[in-house]
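The following note is written for a reader who is new to protein models. Please read each point beside the sequence and the structure.

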Amino acid sequence: MNKKDFDKKLKQDLDSYQSPINIDEIWSAIEPDVDLINAKKRRKKRFFFIWFFAGLILLSSAGYLYSLYQLENQSPIAKEHSKKEVPLASIKKTEVAVDAETDQITKLSEAAILPNTSNLNSKKENKNTPSLNSQELLKQEIDNASSNSVSNNSNQAGEKNIDASFVNSSSIADFDIKLKTTTLSTNTVDNSKVESTERFNDLVEEFKPSKPVETSKKLELEKTTSLSSLDAIEIEAQVENGILNLEDLFVLTEEEKEASTKKKKPSAKKKMQYFIEMNSGVSAAFRSLKDPSGSNANLLQLREEFEHTLEAVHGGFQVGLHFPKSDLAFSTGIQYTQITDYLEINDSRSVFDTIPDGIQFYYRNLDNEIIPYHGEVINEEVITRRKKTYNEFVFIDIPLLVGIQKNVGSSERLGLGVQTGVFVNIALNASGEIINEDSEVEDLSPSFNSKMGVSYYLGLTSAYAFGENKKLSLQLSPSFRYIPKSLTVDSYGLTQKYSLLGVNIGLRLKL
Amino acid sequence: MYSEKQLLENCKKGDKPSQYELVKRFSPSLLTVCRRYTRDDAMAKDVLQETLIRIFKNIDSFQLDKPFGPWARQIAVRSSLQWIQKNYFKRESAVEIFHTEPNHVPEVFNNLGTEVILKCIQELPVGYRTVFNLNIIEGYSHKEIGELLDISEGTSRSQLNRARRLLQTKLTDLQKRATI
């Protein structure tokens with residue numbers, strides 16, 4: 001056999017050779033490490049899900065905030081165009097208080113004018129056609145109004161009248177200010193004041209401005225009105241850009257007025273409001289392990305020594321009712337809570353075994369023979385244990401909560417409040433391992449309940465509402481939950497209770 | 001009975017019975033690898049335990065479309081080498097100018113079992129044994145062995161020749177004894 005064949009044969013034989021081995025012996029030696037590896041994997045997986053959902057919430061919140069930010073930064077015109085709908089440009093008559101310089105228009109009484117949708121649309125189509133001179137336009141409007149006031153019934157005539165002072169406006173600035181004045185009205189139309197053309201003409205004379213109104217006055221005028229300045233800006237911008245013209249400003253019929261009033265009523269005036277909420281959060285878990293009988297001190301000590309509490313994660317879906325008048329809210333839903341502990345053993349212990357008739361030593365006799373000396377031999381065996389197991393207590397609960405939340409600040413977007421109630425447990429699943437009285441590791445599930453009673457909840461709530469209608473809000477709630485009943489079965493020597501202190505983050509949508 | 005792929009998939013998920021099954025299936029061959037690198041079976045078992053733990057730690061990185069055996073074996077070899085580096089001082093002998101050896105090797109395999117040959121390999125000095133295993137069984141080149149063990153290429157060649165010579169002597173002796 002040459003050298004190459006020798007190597008080849010050797011390789012073949014050794015490659016395929018299966019050494020005899022006691023599998024159970026090897027397995028028992030590596031099992032603690034395998035458990036540790038598996039536990040780490042599970043933990044990694046768990047944290048992946050926690051971070052995934054937290055990230056998802058954060059991303060969606062950030063995305064929503066960004067879209068709101070973009071919308072806020074759009075010009076009113078672009079905003080209107082983006083909405084793809086015709087704004088309700090309610091231009092009503094007012095009794096606006098203006099200082100001495102603009103005194104002529106302080107008592108301007110009426111002209112409820114609203115853009116007619118069909119006219120507005122047709123106007124949009126003709127946007128590119130040159131607009132009429134403002135003063136000519138105003139005269140035309142007043143002429144129309146005057147003639148209408150004669151031909152139509154008194155109510156309609158009154159409504160169709162527009163600000164008389166437009167007639168003799170000496171500049172475009174005057175026109176602007178009067179348009180705003182009419183735009184920013186809050187009072188209802190007093191038709192009796194303009195029942196006739198004569199009365200109308202009187203008003204024209206009465207409110208005729210003596211000189212152009214300064215820009216600063218325009219601003220003041222805006223401030224003195226109770227409607228938001230946004231409406232005024234919208235109207236002005238549309239007039240300036242030819243989207244809306246005075247021809248578009250038409251009278252509301254009674255039905256339209258009614259519909260408009262209904263539309264303008266804020267939703268807060270509703271008696272009650274439904275909402276849905278999704279939330280999730282993390283809490284620090286505090287475990288209370290006690291020995292009520294006093295006879296399991298050893299077990300208590302072992303468990304305290306080898307087990308440690310980690311954290312709790314929770315998330316849920318809730319539906320609720322909010323009463324805006326009292327700021328009270330009631331909610332219920334379904335809540336998932338998982339408390340995690342871990343058992344970690346890393347110790348060495350000596351086990352002494354006495355052999356009654358073991359060989360203690362050898363001696364040589366006179367015949368030079370080696371003779372064993374028998375006697376009691378103490379054999380010491382050192383046992384090293386390494387183990388880490390994550391114990392999970394999963395609760396499925398129905399929350400029954402009541403809360404009160406008040407709006408803070410002028411924007412009414414920020415709300416602060418308090419929430420309290422109970423969580424009714426419908427299922428509890430405990431999995432993992434605990435140490436027993438003999439310092440051995442055992443499955444914990446037989447020692448734990450499958451259902452719990454109630455737990456108590458107290459939380460502070462802070463909310464920030466988004467959007468023009470403030471229907472969606474981001475909720476941030478520091479919370480405390482106390483689980484008064486022991487998770488362990490009555491026959492188990494120790495009681496195991498938890499308190500959770502953490503924070504919830506959620507999104508609430510008013511329906 | 002799971003197929004190898006199913007078994008490995010389950011092991012990746014951390015399924016304990018599958019992990020036990022994997023240990024059962026692959027431990028005998030992996031122990032052979034470990035025994036070739038260590039002096040006795042007790043040490044080999046220690047290295048095997050280390051190997052198995054490493055396999056479970058790194059099983060997520062194993063691609064299921066590839067054969068598991070060579071991958072696990074490579075881990076066993078690396079574990080064995082690390083164990084050797086931990087437990088022995090490295091001694092670099094001078095490069096030996098060796099004579100050309102006769103190409104004839106006594107016919108020993110017909111009469112000796114693999115277990116006996118394995119015992120003979122275990123009895124080789126650690127340096128010889130390691131180079132012999134890496135070159136003859138695992139197929140590493142002397143350059144690779146040099147880089148792996150941080151020795152020169154010449155040392156690797158010299159160690160291999162000495163190992164082969166010593167092993168042949170041992171096997172021949174055993175053959176003679178068996179014949180008697």
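1. A charge sits over a ring if NZ of Lys or CZ of Arg is within 6 Å of the ring centre and within 35 degrees of the ring normal. A:Lys388 lies over the face of A:Tyr342, at 4.6 Å from the ring centre. A:Arg481 is placed over the face of A:Phe395, and here the distance to the ring centre is 5.8 Å.

2. This is a predicted model, in which local features need pLDDT of at least 70, side-chain atom pairs count only at pLDDT 80 or more, and totals for chains, interfaces and linings use all residues. Residues are numbered from 1 along each chain as its sequence is written, chains are lettered from A and ligands numbered from 1 in the order in which they are written, and side-chain values use heavy atoms, with hydrogens and water left out.

3. The term pLDDT denotes the predictor's confidence in each residue, from 0 to 100. For chain A its mean is 70, and 59% of the residues reach 70 or more. Over residues 148-194 of chain A the pLDDT stays under 50, and it is also below 50 over residues 216-230 of chain A. Where pLDDT is low, the predicted coordinates should not be read in detail.

4. Helices are DSSP runs (H or I, at least four residues), numbered from the N terminus. Helix α3 of chain B covers residues 41-58. B:Asp40 caps the N-terminal end of α3(B), with a side-chain oxygen 3.1 Å from the backbone nitrogen of B:Ala42. Buried residues (under 20% relative accessible area, against over 50% for exposed and in between for partly exposed; 1.4 Å probe, protein chains only) of α3(B) include B:Leu48, B:Leu52 and B:Phe56.

5. Rings of Phe, Tyr and Trp (its six-membered ring) pair if their centres lie within 6.5 Å; planes under 30 degrees apart count as stacked, over 60 as edge-to-face and the rest as tilted. The count is 11 aromatic pairs over all chains. In one of them, A:Tyr464 and A:Phe466 have ring centres 5.4 Å apart and planes at 65 degrees, so the pair is edge-to-face. A:Tyr464 is partly exposed at 37% relative accessibility, whereas A:Phe466 is buried at 4%.

6. Which kind of pair do B:Phe26 and B:Phe68 form? Their ring centres are 4.7 Å apart and their planes at 75 degrees, so the pair is edge-to-face. B:Phe26 lies in helix α2 and B:Phe68 in helix α4, so the pair ties together parts that are 42 residues apart in sequence. Ring pairs link B:Phe26, B:Phe62, B:Phe68 and B:Trp71 into a cluster.

Technical notes: Contact means heavy atoms within 4.5 Å. Helices (H or I, at least four residues) and strands (E, at least two) are DSSP runs, numbered from the N terminus. The expected span of a helix is 1.5 Å times one less than its number of residues. A polar contact is a pair of N or O atoms within 3.5 Å; within protein, one must be able to donate a hydrogen and the other to accept it, and residues adjacent in sequence count only if both atoms are side-chain atoms.
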